[in-house]
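I opened the model to look up helix packing, the ligand site and some backbone details. My notes follow.

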Amino acid sequence: MNDSNQTRPEHLTWTKEDICAHLGDDYDSFMGAIVPPIFQNSLFTRKTKDHGYVYTRIGNPTTDIAERKIAALEEGEAAKCFSSGMGAISSAIMYWMSQGAHVVCVRSAYGPTREFLGTYLKRFGVETTFVTGDSIAEFEEAIRPNTKLIFLESPSSQLFYIQDLEAVAKLARSHGIGTIIDSTWATPLYQNPLRYGIDMVVHSASKYLGGHSDIIGGVLIGSREKMEQMTHGERALFGSNMDPHQAWLLLRGLRTLPIRMKQHQESGMQVAEFLENHPKVETVYYPGLASHPQYELGRNYLSGYTGLLSFVPKGSEQAISEMIRRLRYFELGPSWGGFESLINTPGLGISEEASQATGIPHGLVRISIGLERAESLIEDLDQALNSLT
Ligand SMILES: Cc1ncc(COP(=O)(O)O)c(C=O)c1O
């Protein structure tokens, strides 16, 4: 099964919407089924014919379709699916590692990514320098002769810090250093970092790509050569590949990604503007607002904005916790990017030391705007915020 099996009139070009809906359609191979089946099998027999598959830890036809869609969306040569975002991140990092290596990572990266680099890999002699990511001079100063990797997350997922992707990629290449970006917030619809010379892009598929809060998954996109090495190297050796059933649910999520993102973006912007003008709100963090300190830089890379934002309500931690209890639409929970609205509390109960190290202000709450009616979410936030004394 490959794209040449797919009949498509030549005058049609693949838009991102078409990729999500139709890339990988192969009705003839699947008895006309409009939705490809789940190949829920561990191995493939080859006595009469070799179909190119051996063992699901290496590759599977259902997972392949998801990988082809995501590679096309990210404008990459190839993609690999993983059992989680962290599976993709840790495998991608290990691809660049060697004994005594040094890594430069933004301090705003996802917590477990920082832990993997700063604590776990330290046991093996790998050192990491954490930087704010605000300037190229800072990255340049952090580079050492043994630096093998620069890890970015842009926009980041708590305060939405943005890095200058093109400038970092250029700097890294001039020193022979690899680059990885966690681009989960933007999705492949709104940012394509490979265009700017970044080597590898990772996404947690547990967020918008899946979109239904029913899978944990990850994807990694890069050159065909690197992804091929990943197939038989890190992914196969750590056994962190995606299960076919997970891949099938990811495919289902991808089909509606463009329409969901349009709604998340529209509602996210409305909620951000509402919060920015609310008297009980101290600060709003959202890359789509002109008040975001890196709004102009972001416009170079982002073609859209999503539904994850954060803000600091005016009030004590106790008052903020009470405000959260009053919310009717927003459930209190981690993760984000699903159909449901959620609230999380990265800035409650945070130590001064952790606040200094990460830049997360005391009182920060993060909300993921779901697919409910934006006006209902705004009314809900308004009634809860007005309870703050
Ligand atoms: C920005 C970001 N990257 C990576 C991950 C890890 O993804 P997963 O939970 O699928 O391992 C998360 C999860 O919350 C995340 O928010």
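I call a crossing left-handed if the near helix is turned anticlockwise from the far one by less than a right angle, and right-handed if clockwise. Helices (H or I, at least four residues) and strands (E, at least two) are DSSP runs, numbered from the N terminus.

The model is predicted: local features need pLDDT of at least 70, side-chain atom pairs count only at pLDDT 80 or more, and totals for chains, interfaces and linings use all residues. Residues are numbered from 1 along each chain as its sequence is written, and side-chain values use heavy atoms, with hydrogens and water left out.

**Entry 1: α2 and α10**

I looked up helix α2 (residues 61–74) against helix α10 (residues 244–255). They pack at an angle of about 40°, with their axes 8 Å apart. Axes are lines fitted to C-alpha atoms, for helices over the stretch in contact, and angles run from 0 to 180 degrees between N-to-C directions. That angle makes α2 oblique to α10. α2 passes α10 in a left-handed crossing.

For contacts I used heavy atoms within 4.5 Å. On the α2 side I listed T62, T63, I65, A66, K69, I70 and L73. They meet P244, A247, W248, L250, L251 and L254 in α10. By class, this contact of α2 with α10 has 10 nonpolar, two polar and one charged residues.

**Entry 2: α3 and α8**

Helix α3 (residues 85–96) and helix α8 (residues 224–232) pack at about 110°, with axes 11 Å apart. The two are therefore roughly perpendicular to each other. I found S91, A92, Y95 and W96 of α3 meeting K226, Q229 and M230 of α8.

**Entry 3: ligand**

I counted 14 residues around the ligand, taking a residue as near if one of its heavy atoms lies within 4 Å. The closest are G85, M86, D182, S206 and K207. Next I checked individual distances from ligand oxygen atoms. One is 2.6 Å from an N or O atom in the side chain of S206. A polar side-chain atom of W336 lies 3.1 Å from a ligand oxygen. A polar backbone atom of G217 is 3.5 Å from a ligand oxygen. The polar contact cut-off is a pair of N or O atoms within 3.5 Å.

**Entry 4: backbone**

Most residues other than glycine have a negative phi, and most peptide bonds are trans. I noted two exceptions. The S154 to P155 peptide bond is cis, with omega near -15°. P155 sits in the loop between β4 (147–153) and α6 (165–174). E75 has phi near 60°, a positive value. E75 is in the loop between α2 and β1 (78–82).

Conventions: Parallel < 35°, antiparallel > 145°, perpendicular 65-115°, else oblique. Nonpolar A, V, L, I, M, F, W, Y, C, P; charged D, E, K, R; others polar. Polar contact = N/O pair within 3.5 Å; in protein donor to acceptor, adjacent residues only side chain to side chain.
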